[in-house]
Amino acid sequence: MTINKMAEKLGLERLSGETDRDVEYCYISDLLSRVLGGCQPGDVWITVQSSLNMVAVAVMTDASCVILPEGLTAPDNVIDKANEEDLSIFTSDETAFSLAVRISELIRQK
Amino acid sequence: MPAEVLRQEYNVSADDFAAAGAASAAVKNTLKKLGFSPDFIRRTSIAMYEGEINMVIHGGGGVAEAEIAEDYVKITLTDHGPGIADINLAMQEGFSTASDTVRELGFGAGMGLPNIKKQSDDFSLTSEVGKGTVLTITIKS
């Protein structure tokens, strides 16, 4: 499954980035050091962190994309930086748990 | 990959969380252009970024140097911060002296140094209280 397909199925709103790529798995945490140790290449990373450091961590770990749950958005400077890095950030009104459950179903269906 | 050793040097500013990661991002881009494997680039980026963040949070800024060779990258991070009194304690997962402000940004979980060690093939941390800390790591491809 790709991030574009996932975004369409989950009704995600894209905030930044444009390149499509494969989704491998999903990782949820807001502690950046934990994410740096645990998020794997291709993972969808769900987090409430919306700072510039979030962009750096997503890029360093090679996450496939970031989803901000519960309708959270990111400031303009974060969106600009993410576009510069071609990092896809999405927002959703759903909770992290609900998103993870649905992503799990999509990954299993592939 | 470079036939000769390539050296890069960056200044890391204290408490500048917006710019934190710029040195690691620059090294990552260089490694990408040189054609290193994604796994090698990822290990190097994560280790260097953790170290760079430590310089911003704890080290009062400093200098980040990268030595890029055909089959390894050596990163040296030198700061002139307060130093680490007990390195064994600092290496323990979960131990952190980060402030609440830093924790609100998502850092300060006490995972940084153990993470860096995990990603590195060689790891050396030397520190003197009142003078600063030098972290040297090598990642082999």
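I looked up what covers the buried residues of α1(B): the list includes α3 of chain A, together with β1 (6–12), α2 (38–57) and β2 (62–68) of chain B. I take helices (H or I, at least four residues) and strands (E, at least two) as DSSP runs, numbered from the N terminus. The buried residues in α1(B) are B:Ala23, B:Ser24, B:Ala25, B:Val27, B:Lys28 and B:Leu31. I call a residue buried if 20 or more other C-beta atoms lie within 10 Å of its own, exposed if 12 or fewer, and partly exposed in between, with C-beta atoms placed from the backbone.

This is a predicted model; local features need pLDDT of at least 70, side-chain atom pairs count only at pLDDT 80 or more, and totals for chains, interfaces and linings use all residues. Residues are numbered from 1 along each chain as its sequence is written, and chains are lettered from A and ligands numbered from 1 in the order in which they are written.

I checked the length of α1(B), residues 22–34: at 1.5 Å a residue its 13 residues should span 18 Å, and the end C-alpha atoms are 18 Å apart, which agrees. The expected span is 1.5 Å times one less than the number of residues. After α1(B) I found B:Gly35, with a positive phi near 85°.

Next I turned to the chain contacts. In chain A, 17 residues are in contact with 19 residues of chain B, contact being C-beta atoms, placed from the backbone, within 7 Å. On the chain A side, α3(A) gives the most, with six residues.

Last, I placed B:Asp100 in helix α4 (residues 100–104) of chain B. B:Asp100 is exposed, because 7 other C-beta atoms lie within 10 Å.

Key: Two residues are in contact if their C-beta atoms, placed from the backbone, lie within 7 Å.
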